[in-house]
Amino acid sequence: MKKKIYFLLLAIFFVSPFLFVSCSDDDDDPDINPDPELTTSGVYILNNGSYGQNNSTLDYYNPETNELTKKVFNTSNGRGLGDTANDLLVYGSKMYIVVNVSSTIEITDLEAGSLQTISLTRDEQPQQPRFAQPHKGKVYVTTYDGYVVKIDTTSLEVEGQVEVGLGAEQLSIVGDKLYTAVSGYMTPMTKVAEVDLTTFTKTKDFEVIVAPRWMQADKNGNLYVMSAGNYADIKQTVQKLDTKTGETKVICEDEYVSMTLAGDYLYIISAKTDSETWSPIDAKYLKYNVETETMEEKEFVNSSVEINYPTYLDVDPVTEQIYITAGLATNTGDVYIVSPEGDLVNKVELSGYNPVCSRFLTILE
Amino acid sequence: MRAFYYKRLLCLIGWLLFALSAYAQQVDTTKLYKLSGVEVVEKARVSTTRTSNPVQIMTSTSIERLGMQDLTEAVKRFSGVTVKDYGGIGGLKTVSIRGFGAQHTAVSYDGITITDAQSGQIDLSRFSLDNVEQVSLTIGQSDDIFQTARMYASVGALSIRTNRPSFKNKDYNFRAKIGGGAFGLFTPSLQYDYKLNDRFSLSARADWISAKGEYPFTLKNGKLVTEEKRTNSDVQSLRLEGNLYGSIKGGELTAKLYYFDSERGLPGSIIYYNDYAKERLWDNNFFGQVNFCKSLSDQFTIQSSTKYSYGYNKYRNIDNKYPDGLQIDRNTQQEYYLSVGALYNPIESFSVSLTSDLSYNDLENNFTNAALPQRLTSLSVLAAQYQTTRLTLTGSLLGTFITDEVKSGDKPADRKRLSPAASLSWRPFEETNFRIRASFKDIFRVPTFTDLYYLRVGNTKLRPERALQYNLGITWSGESSLFRYMSASADIYYNKSEDKIVASPTMYVWKMINLGEVESKGVDINLQTEMPLNSHMAVLLTTNYSYQHAIDVTDKESKYYRHQIQYTPRHTGTGSVTFENPFVNLTYSLMAVDKRYSLSQNIPDNRIDGYVEQNISLNRTFRLGRTSLRLQGEILNLEDRTYDVIKYYPMPGRSWRLNAILTF
């Protein structure tokens with residue numbers, strides 16, 4: 001954890017096409033390795049916790065030693081993250097932890113030491129932030145009350161807000177355009193909103209399947225949107241949205257779907273819901289090539305690897321190892337690390353409930 | 001620090017046990033309790049040591065002594081129960097028995113159960129103790145076999161009995177109370193009883209509770225410790241009640257009209273870095289009930305009860321994440337209820353009863369595509385009892401039939417079931433009051449409307465939740481020159497809960513499922529004594545201790561297999577000492593509760609620290625002819641400790657209350 005990160009700090013979000021590279025200001029005269037190689041120095045895993053329990057935690061995994069350091073935010077700052085942390089963004093030399101019900105953005109250094117806590121409010125109400133994405137020195141955060149909030153990464157202050165629609169969820173940035181899923185929160189909607197970042201105004205809406213939640217963009221600017229459906233006749237669906245034509249194409253639908261995009265592949269967990277326990281069963285691990293628009297024949301997790309209640313997944317951009325978080329929301333979660341060949345590398349017990357994302361710190365050495 | 005309090009409590013218990021050993025025993029002289037028409041309605045005070053199931057009683061005298069104002073305060077002092085208290089005057093308060101869910105506890109008001117088909121649990125915060133004559137808690141099946149069938153259909157019953165007016169050389173009683181306390185508490189009430197003639201009398205009462213409820217508390221977030229204030233915890237509630245008591249042709253008639261209206265803020269759980277709280281709840285409840293009981297002969301008694309109940313609640317949350325910045329839920333419930341029963345005493349020591357209950361419940365709300373369920377419930381019970389001065393044997397068989405209708409969506413299959421219960425109380429030695437009791441009950445609860453039909457969360461495939469109870473206990477009571485009265489009981493139990501109905505998370509929604517098996521083992525010990533010092537002064541002591549080992553045995557692979565279930569302390573103890581004298585009656589009471597866990601997994605993050613709460617109550621009554629004025633004051637949470645019963649719902653620190661009660 002305290003290992004000196006000396007040359008370049010590369011912060012990679014799961015949208016690798018928009019991975020942002022920045023030079024650390026602290027080190028003026030780094031030792032330059034004649035043949036630098038990108039490696040993953042650490043993995044942060046964010047645990048959402050349980051609603052009303054103020055038990056969001058941040059764990060740090062060292063892939064070299066296979067050791068997990070639990071609750072690093074608590075240790076670094078002597079206080080908790082708050083209630084239901086939903087997203088973590090590593091951008092430059094800072095991290096942005098989006099805490100939904102506490103309605104805060106915790107801005108920290110790369111060792112999770114707090115630099116600033118922003119309480120997001122509008123009309124004296126907590127806005128309940130959901131997801132964050134970076135673009136040109138700004139961080140954009142979506143909120144449940146329907147806004148995209150712009151935060152300056154130097155002053156660490158909110159610079160503006162633009163209305164996109166209730167229950168704004170995950171967002172992607174393509175060129176100077178921002179796209180966000182508009183779920184409607186409690187009153188399901190069918191929109192993906194587009195915001196022009198040069199003017200910071202909403203420019204249009206796209207129609208997608210009801211209750212869009214997650215989205216990722218590939219390097220060609222296509223969006224992959226996961227809609228939660230209506231829990232009845234409309235299942236959970238991963239669809240491709242062409243932002244030029246507004247056309248959509250269904251890639252996968254199931255009673256339970258989770259996805260992430262890495263390189264040219266969309267990694268999808270597709271499962272059934274057990275009618276007795278309502279838990280996800282019979283999970284399939286699908287790998288979709290977004291370039292060729294075909295589903296790989298081989299699943300990305302071998303059948304010999306048994307994962308109990310897989311929920312979310314992220315891919316290490318360097319090693320291509322897949323971090324699959326798992327567990328029922330009634331107990332602390334686990335992360336299963338799976339090799340690109342589909343074998344289990346490690347299973348780690350996490351400190352908190354509902355692990356939601358794994359974020360990777362990479363360096364050139 | 002906590003250990004110190006447990007020691008203090010143990011000393012108190014030890015002292016009482018010592019007193020016991022030095023005590024000269026006397027024989028139980030209790031006469032056989034024969035049911036007659038009048039006695040059925042106005043039961044003689046049950047001796048808690050003679051019952052074949054654990055019964056705990058709090059009379060109006062003890063309630064006044066301890067200075068209790070709401071029902072929860074009384075229930076918290078019973079052993080074997082866990083009270084969930086969300087804090088403040090208006091916070092939800094429910095009671096669960098020996099590791100079972102709160103939906104398994106029946107709550108009756110003057111003999112007829114109060115139901116909530118929607119949530120299945122009764123919020124105790126809406127009952128005041130002002131006009132209550134007796135609160136009793138029966139675990140298992142009561143020895144009174146002549147009750148409504150509904151009173152058989154639960155793990156245990158909390159019975160609230162209001163005082164029935166008595167008139168001495170006048171035809172009216174008047175009682176006025178004015179009360180107040182910390183955090184803006186104001187509690188006035190009025191009661192007027194009127195004797196119409198030799199056969200009929202009336203009683204009418206009104207009370208109002210108003211509280212700001214903005215109490216301070218200390219919030220600890222790691223090393224960050226801040227002084228905060230609870231907000232949006234105000235409450236206003238009005239209660240009106242009218243009773244008619246009468247005798248018609250040798251039968252006893254009681255009728256009641258009840259109205260409750262309240263508005264309260266819901267402060268919600270403490271959320272770090274966000275103190276926004278704008279949820280509000282409006283409750284409106286009306287019911288009318290009539291009970292008639294008559295002895296047709298020495299052997300034959302009949303009784304009938306009927307009730308209509310209407311409940312409305314409105315929930316509102318102001319939050320911009322909802323369309324138009326507002327979320328409003330409205331629910332309306334109705335119940336029609338009829339119970340008819342007969343009791344037959346062919347010989348003095350044997351009685352048999354047959355009772356049938358029929359009820360209809362419906363629920364309407366403003367949700368789109370709501371199920372709007374209607375439910376017809378038929379309960380019939382056949383019970384028999386053999387009772388002599390040394391032996392009581394009771395057995396019952398309850399038959400249940402339930403059918404639901406819905407306006408939209410799926411409906412569950414009809415439910416039919418037979419539920420047996422049996423118990424005995426035996427005094428093995430003629431010369432002592434020592435008794436052994438044993439009981440068994442196999443009961444279940446049907447899924448509530450919320451469990452079955454609530455938007456997305458509900459699941460119509462749910463099976464009823466089964467509850468098995470076994471109890472074995474010893475009791476003893478007596479009196480001597482040193483003790484005016486002493487009673488002691490110790491019970492051990494084993495319970496099992498199968499097919500527990502729990503909310504389980506799926507990917508994005510919670511769903512009600514049958515998942516969960518809980519095994520509970522425990523011990524309840526109760527001791528009570530009264531020691532006269534001279535003709536004007538006495539010391540009264542009560543103490544109890546509960547041990548609850550209630551563990552989740554659902555899944556061996558789970559991370560919380562054999563962990564103590566949520567919100568259930570292993571150890572709980574209460575004690576009180578009263579010094580009665582002609583000057584100022586003084587009561588000191590304490591309650592010690594062990595650590596608990598807010599979620600299924602027993603990890604440090606989920607732990608809620610144990611606590612000790614100490615209260616002091618003082619009172620004095622002034623009399624002038626027929627008029628009496630009682631002044632009463634309490635200091636609650638003497639040590640000003642911040643503690644949680646429910647995690648992140650802090651309880652008030654030190655506070656005070658004052659009451660003046662005028663009667664003539």
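In the predicted model, B:Asp207 and B:Arg239 are both buried, the term denoting under 20% relative accessible area, with exposed meaning over 50% and partly exposed the range in between (1.4 Å probe, protein chains only). Their side chains form a salt bridge with an N to O distance of 2.7 Å; the criterion is a side-chain nitrogen of Lys or Arg within 4 Å of a carboxyl oxygen of Asp or Glu. The pair links distant parts of the chain, 32 residues apart, with B:Asp207 in strand β11 (residues 200-211) and B:Arg239 in strand β14 (residues 235-248) of chain B. Strands (E, at least two residues) and helices (H or I, at least four) are DSSP runs numbered from the N terminus. B:Asp207 and B:Arg239 also belong to a network of salt bridges that includes B:Asp130, B:Lys177 and B:Arg205.

This is a predicted model, in which local features need pLDDT of at least 70 and side-chain atom pairs count only at pLDDT 80 or more, whereas totals for chains, interfaces and linings use all residues; side-chain values use heavy atoms, with hydrogens and water left out. Residues are numbered from 1 along each chain as its sequence is written, and chains are lettered from A and ligands numbered from 1 in the order in which they are written.

Over all chains, the count comes to 51 salt bridges. One of these joins B:Asp524 and B:Arg98, whose closest N and O atoms are 2.9 Å apart. B:Asp524 lies in strand β28 (residues 518-532) of chain B and B:Arg98 in the loop between β3 (93-97) and β4 (105-109), so that distant parts of the chain, 426 residues apart, are linked. Both B:Asp524 and B:Arg98 are buried. A further salt bridge connects B:Asp491 with B:Arg437 at a closest N and O separation of 2.6 Å. Because B:Asp491 is located in strand β25 (residues 485-498) and B:Arg437 in strand β23 (residues 435-445) of chain B, the pair ties together parts 54 residues apart in sequence. B:Asp491 and B:Arg437 are likewise buried.

Between the chains, 40 residues of chain B are in contact with 54 residues of chain A, contact being defined as heavy atoms within 4.5 Å. About 4,000 Å² is buried between chain B and chain A, 53% of it on carbon and sulfur atoms; this area is the accessible area (1.4 Å probe) that two parts lose on being put together, summed over both. Two salt bridges are found across the interface of chain B and chain A. A:Asp334 and B:Lys559 meet through their side chains in a salt bridge of 2.7 Å, N to O. Between chain B and chain A, 22 residue pairs are in polar contact, both residues at pLDDT 80 or more. A polar contact is a pair of N or O atoms within 3.5 Å; within protein, one must be able to donate a hydrogen and the other to accept it, and residues adjacent in sequence count only if both atoms are side-chain atoms. On the side of chain B that touches chain A, β26 (501-505) and β27 (510-514) each supply at least two residues.

In chain A, A:Tyr60 lies in strand β4 (residues 57-62) and counts as buried because its relative accessibility is 7%. A polar atom of the A:Tyr60 side chain lies 3.2 Å from the backbone oxygen of A:Ser41.

By contrast, B:Phe583 counts as exposed because its relative accessibility is 53%. B:Phe583 is found in the loop between β30 (571-580) and β31 (585-593) of chain B.
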